[in-house]
Amino acid sequence: MTGMRRWRNLGIAAGACAAALFAAFDVYQWLAAYASDHFHNDFTFYYAAARIGTAHGWQSIYDLGLQQAELNALGSGIGVAQLARYISPPPVAWLALPFTLLPYPVAYWLWSGLLLVALAGTWYLAAPGTGRLRLLHLVAAVGWVPVIYGLQLGQPGIFVALGVAGSYGLLRSGRPFLSGLALGVIVLKPQLGFMLPIALVVAGRYRAFAGAVVAIGLLAIASAINIGPAGISAYEQRLSFAASVAVNRELTLAPYIGDLAVTRVVQAAIAIWALALVYSVRFRKRPTEWIYVVAIVGGLLASPYLHIDDLVMLGLAGWLYLRIPERPPWSWAFVLAVFIAIEGITEWGPIPFIAGEIAALVLLSIAALKHDDSDAEHHRAEGEHDAGLQRDGEHLAIDRQRESLDQRTGPA
């Protein structure tokens, strides 16, 4: 036992050193990227959209001409292009609005500080383990490509991860309606968590689903009112254009299936597959983590639009999966392999991580079938136990009748 503990401690120490080196290198890369070009990030577009909203009306935030004028006014040197334009939902611009009161560099680093707080909050709510091992997960997160890339770009995906982690924590603590309300943050990047509300209702968590409907519905209505018909029309045009840009589909199944219509059918089938796994929560003992892990993994596989920074959600799913007590002892190695596949995505492409996502759903399906077998055996054992009790009851009744008869025939 002492030897095993020694090897475990050595493994943790080696992992901590590697994670610290990756984290330090990634933070250096982040600072170097900002030093070379302050404006080469997505926060620039959120900041510009918020300024357009206040100066020209919120219905104009998707106007490419106004976006270019605002970018020029900031001195960014950025030209509106395929991937250089504001196409986020209106709440992202609302979120950036208070930052427009500050000079751009101050606004960027304050926004970055909030993203770091959101990362720490996500870690606190979702990361597995205790003590040093738990801290190792936070250091490793900073050194992971999707996280540092999201931080450098100022992407709100980490805010979405925090909201989903908060939803998980609230559902576990018995506050389902508040758990659903926390999912309102999905409106910032709908492709990251669009399956979660559906998964909640499939799992029978109706109060949580109601909270999600209220939060997302109110934000959607407010957005529609805010930008009006003209803004909605412009937003639809921007989304249609984004869907036609090949780079936006590089991390999805689309490049490997080829035909876009067939891809959508396959993605819909994957979504149904994931929801079928979630459905098992209703009738069998499944931990709360199951709902979130399956919905996140299945949702990302079914998403039509993904970038590297969006994969922070897979990190959250990995943390939540590692919190499940009844998982195979080797499963941490599988999670680590998927994380490494994502870390090297710029070297060997997205096929390994996409294969990892599919394998994850397969393994979860096998786990569901094993649970089904164990449930059947449990029910058979309960049936045999109940039958035994029934036979004992019958014997007891006969014995009582005999005792009663003996008492009646005995001396008066």
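At what angle do the axes of helix α2 and α5 cross, and within what distance do they come? The axes of α2 (residues 43-56) and α5 cross at roughly 120° and come within 11 Å. These axes are lines fitted to C-alpha atoms, for helices over the stretch in contact, with angles running from 0 to 180 degrees between N-to-C directions.

Before going on, a word on the model: it is predicted, so local features need pLDDT of at least 70 and side-chain atom pairs count only at pLDDT 80 or more, while totals for chains, interfaces and linings use all residues. Residues are numbered from 1 along each chain as its sequence is written, and side-chain values use heavy atoms, with hydrogens and water left out.

**The chain as a whole**

The chain holds 18 helices and zero strands; both are DSSP runs numbered from the N terminus, helices being H or I of at least four residues and strands E of at least two. Of the 412 residues, 47% are buried, meaning under 20% relative accessible area with a 1.4 Å probe, counting protein chains only. Among contacts (heavy atoms within 4.5 Å) with a separation of 6 or more, 75% link residues 24 or more positions apart.

**Two partners of α5**

| Pair | Angle | Axis distance |
|---|---|---|
| α2 and α5 | roughly 120° | within 11 Å |
| α5 and α6 | about 145° | 10 Å |

In the α2 pair, Phe43, Thr44, Tyr46 and Tyr47 of α2 meet Tyr104, Ala107, Tyr108 and Trp111 of α5. That contact divides into seven nonpolar residues, one polar and no charged. Nonpolar covers Ala, Val, Leu, Ile, Met, Phe, Trp, Tyr, Cys and Pro; Asp, Glu, Lys and Arg count as charged, and the others, Gly among them, as polar.

Helix α5 (residues 104-126) also packs with α6 (residues 131-142). Leu119, Ala120, Trp123, Tyr124 and Leu125 of α5 make this contact with Arg134, Leu135, His137, Leu138, Ala141 and Val142 of α6. Its residues split into nine nonpolar, one polar and one charged.

Helix α15 (residues 312-322) is mostly covered, with eleven of its eleven residues buried. Trp319 and Tyr321 are among them.

Asp310 sits in the loop between α14 (288-302) and α15. Asp310 is buried too, with a relative accessible area of 0%. Its side chain joins that of Lys189 through a polar contact of 2.4 Å, a polar contact being a pair of N or O atoms within 3.5 Å where, within protein, one must be able to donate a hydrogen and the other to accept it, and residues adjacent in sequence count only if both atoms are side-chain atoms. Leaving aside neighbours within four places in sequence, Asp310 is in contact with Lys189, Gln191, Leu192 and Tyr305.

Key: Buried < 20%, exposed > 50% of the residue type's maximum accessible area, 1.4 Å probe, protein only.
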